[in-house]
Amino acid sequence: MKWRCLGAIPLPPKKTIEEHVRTQAEFLEDKLEPALAEARAGKRHVFFVDAAHLVMGAFLCCVWSLLRLVIRGASGRQRYNVLGAWNAVTHELVRITNTTVVSADTMGALLHKIASLGLVGPITLVLDNARYQHCAAVMALARALNIELLFLPSYSPNLNLIERLWKFVKKEVLNSRQHQDFKKFQAAIDGCLADMPTKHQGKLATLLTHNFQTWDNVSLLNA
C-alpha cells in the first residue's frame, strides 16, 4: 500500500492546467530566474512581497495523540496584518503592520520604507496582482522611487517565496496554540519575525531557497 499526498493546483478561470503550467514556466525562465541570478551576483535586490492576514483564533494542525485534544478558540475577528517584503538573498524582512486593512496606502508605506534603505543598484519587487498592489497610484509611486514591480502570473503562490515564510510563522507560533489576548497574539507574531536573523536563521536558509514548485510533472485525480 502506498501513501499519497493530495494537493490542489490554483487555477485561473478559463485556463487549462497545461496553459497555466506553460505561463508559469515562461515567467520563471524569462523573468524571475534572471532577476534572481542578478541578485545572487550582487547586481540587483529582489524582494518577494505579500500580506499575511492573521486572524486571532485557533490555527489547527495534525498531531499524533492517544487522546482527543482540543484547544480553546478565540471569540471575535481581531486581525493582525503584516505586509512584508522578503529579500531573496540577504533574508531580511521589511514589513508594515496594522490591525485594520491592507490598502494602497499600506503598500505605499512599504515602498517608501524599502527606498529608505539606501540600497545600491536596481530593486525589484515580486508580487501578486492584488488590487491594492496593482493600482495606478502604487505603480506611479514605484516608478518615482525607481523600484520595479514584477507581477506574478495570476494564481501563482508557488512562485512567491514569502508564502513559505507566512506558513513558517503560523507553524512556529500559531498552530495549536491559544493566546490569551490580542496583544499576546501580536507579540507572538512579532517575536517570531524579530527572531528570523538569529533563532530561525538555519531553518529559513533551507526553507527559502530559490527552488520553486511547478506543476509540469504531477499526477491528476479525475473527478
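Me: Which residues does Glu172 touch, not counting residues up to four places away in sequence?

Reply: A contact list of this kind leaves out the neighbours along the chain, and in this predicted model the residues that Glu172 touches under that rule are Arg177, Cys192, His200 and Lys203. Glu172 itself lies in helix α5, and with one of those residues there is also a polar contact, made between the side chain of Glu172 and the side chain of Lys203 at 3.4 Å.

Me: How should I read a pocket, and which helix gives the most to the lining of the second largest pocket?

Reply: The general idea is that rolling a probe the size of a water molecule over the atoms shows where empty space is left. In this structure the second largest pocket holds about 310 Å³ of space, and helix α5, which spans residues 162-173, gives the most to its lining, with 5 residues. Among the lining residues are Glu163, Arg164, Trp166, Lys167 and Lys170, while others, including Pro10, Leu207 and Trp215, also line the second largest pocket.

Me: How many residues of each class are in the lining of the second largest pocket?

Reply: Sorted by class, the lining of this pocket has 5 nonpolar, 3 polar and 4 charged residues.

Me: How many aromatic pairs does a search of the whole structure find?

Reply: The search finds 2 aromatic pairs. Phe48 and Phe212 form one that is tilted, with 6.2 Å from centre to centre and 35 degrees between the planes. This pair links distant parts of the chain, since Phe48 is in strand β1 (residues 45-55) and Phe212 is in the segment after α7 (201-207), 164 residues apart. Phe48 has 0% relative accessibility and therefore counts as buried, and Phe212, at 12% relative accessibility, counts as buried because the cut-off is under 20%.

Me: What geometry do Phe182 and Phe185 have as an aromatic pair?

Reply: Phe182 and Phe185 form a stacked pair, with 5.8 Å from centre to centre and 25 degrees between the planes. The two are 3 residues apart in helix α6 (residues 182-194), so about one helical turn separates them, and both Phe182 and Phe185 are buried.

Me: Which residues does Ala115 touch, not counting residues up to four places away in sequence?

Reply: Ala115, which lies in helix α2 (residues 104-115), touches Leu145 and Ile147 under that rule. Leu145 is 30 residues from Ala115 along the chain, yet their C-alpha atoms are separated by 6.6 Å. Ala115 counts as partly exposed, at 32% relative accessibility.

Me: What share of the contacts in the protein chain between residues at least 6 apart in sequence join residues at least 24 apart?

Reply: That share is 69%. The protein chain has 7 helices and 5 strands, arranged along the sequence in the pattern α-β-β-β-α-β-α-α-β-α-α-α, and buried residues make up 39% of its 223 residues.

Technical notes: Residues are numbered from 1 along each chain as its sequence is written. This is a predicted model: local features need pLDDT of at least 70, side-chain atom pairs count only at pLDDT 80 or more; totals for chains, interfaces and linings use all residues. Side-chain values use heavy atoms; hydrogens and water are left out. On a 1 Å grid over the protein atoms alone, a cavity is a set of points where a 1.4 Å probe fits but cannot get out, and a pocket is an open set with protein on both sides within 12 Å along at least five of seven lines; lining residues have an atom within 4 Å of a point. Grid points are joined across faces, edges and corners, and a volume is the space filled by probe spheres set on the points. Helices (H or I, at least four residues) and strands (E, at least two) are DSSP runs, numbered from the N terminus. Ala, Val, Leu, Ile, Met, Phe, Trp, Tyr, Cys and Pro count as nonpolar, Asp, Glu, Lys and Arg as charged, and the others, Gly among them, as polar. A polar contact is a pair of N or O atoms within 3.5 Å; within protein, one must be able to donate a hydrogen and the other to accept it, and residues adjacent in sequence count only if both atoms are side-chain atoms. Contact means heavy atoms within 4.5 Å. Rings of Phe, Tyr and Trp (its six-membered ring) pair if their centres lie within 6.5 Å; planes under 30 degrees apart count as stacked, over 60 as edge-to-face and the rest as tilted. Buried means under 20% relative accessible area, exposed over 50%, partly exposed in between (1.4 Å probe, protein chains only).
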